[in-house]
Amino acid sequence: MPNPPDPVPAPGTADAREVSRRFRAPALVALAASGVAVVVLLVVAGDWVAPYDPGHQDLMRGAAGPGDGHWLGTDDLGRDVLSQVVTGARTAVVGPLCVAVGALLLGVPLGVAAGYRGGLLDAVTNRFADLIYTLPALLLVVVVVGMAGDGYWFAVAVVTLLSLPAQVRLCRNTTLVQARLPYVEAARTLGLPAWRVMFRHILPNILPTVVATALLDFVGALISLSGLSYLGLGVPPGTPDWGELLRQGQSLLAVNPYLSLAPGLMIAIAATGATLLGDWVYDRSTAGTDRR
């Protein structure tokens, strides 16, 4: 007896889903890129965009809601909230950016070399990654930074170290896949040196995935460092920073909730935008691989 035919989907259903996906993805990417562009603008030109000096105090006004030219109100010292949010973008974003770049510069060469060479280097990097993965990362950062008390840039260094294994493991695994492909075998047959095979042939093919992971490292570092500032372990008190503003606004929610809402919204915009861009870069790279 012949097998029954496979069920046929409703006419146009699959096509409609595909069209919806194709239209929705560019819209999300454009929205994410717009959010990231706004954050970059604040980082680069925050001092010129801010309507007031973020450190100027008006003790007679104190904490108050929007009014008198202060679009988001003022904090307990009478400082303009909008100006602090705008100028605080630099501190909030530069640290996570340093984490992502540091993990990229250290993790990519180590991971590619471990995946291509193997042997002792591969074993050592794997054990290092396994060790870091077993540690409670955020708790470890809080304990180490709290005990050392060396401030924001020490926290950046610790977060970079904890972000390194993800980039190392990713580069190692993708290099192992690439090393089995014919173009690598051809390069070896031609007698090209190992460094050239790794960094002139393999690395360009895994670069989109590496960039996507770096964007996710940025998001994780943004949340971690903002959380440290919220706990009072990041930037010095009074420094414009999104996490520090969240901490200040906790006690002023009834008077001026924008002191907490505005920096929280900016953290969400930066994190969501970077995540969506990372997904887009990864999807584009895998789509190109499928076409090849």
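Analyst: E244 is buried, with a relative accessibility of 1%, where buried stands for under 20% relative accessible area, exposed for over 50% and partly exposed for what lies in between, computed with a 1.4 Å probe and with protein chains only. Its partner R247 is partly exposed at 32%, and the side chains of R247 and E244 meet in a salt bridge with a distance of 2.6 Å from N to O. A salt bridge here is a side-chain nitrogen of Lys or Arg within 4 Å of a carboxyl oxygen of Asp or Glu. Both residues belong to helix α8, which covers residues 242-249, and they stand three residues apart, about one turn of the helix. Helices are DSSP runs of H or I with at least four residues, strands are runs of E with at least two, and both are numbered from the N terminus.

Before going on, please keep in mind that this is a predicted model, in which local features need a pLDDT of at least 70 and side-chain atom pairs count only at pLDDT 80 or more, while totals for chains, interfaces and linings use all residues. Residues are numbered from 1 along each chain as its sequence is written, and side-chain values use heavy atoms, with hydrogens and water left out.

By the salt-bridge rule, the count comes to eight. Side chains of opposite charge can pair when their charged atoms come close.

D130 counts as partly exposed because its relative accessibility is 30%, whereas R127, at 51%, counts as exposed. This pair also belongs to a network of salt bridges, in which R127, D130 and R169 are linked.

Which residues form the salt bridge whose N to O distance is 2.4 Å? They are D122 and R172, whose side chains meet at that distance. Helix α3 itself runs over residues 119-134.

The side chains of D122 and R172 also make a polar contact at 2.4 Å, a term for a pair of N or O atoms within 3.5 Å, of which, within protein, one must be able to donate a hydrogen and the other to accept it, and for which residues adjacent in sequence count only if both atoms are side-chain atoms. Leaving aside residues up to four places away in sequence, D122 touches A114 and R172, contact being defined as heavy atoms within 4.5 Å.

To place these pairs in the whole, the chain has nine helices and zero strands. Of its 292 residues, 42% are buried. Among contacts with a separation of 6 or more, residues 24 or more positions apart account for 70%.
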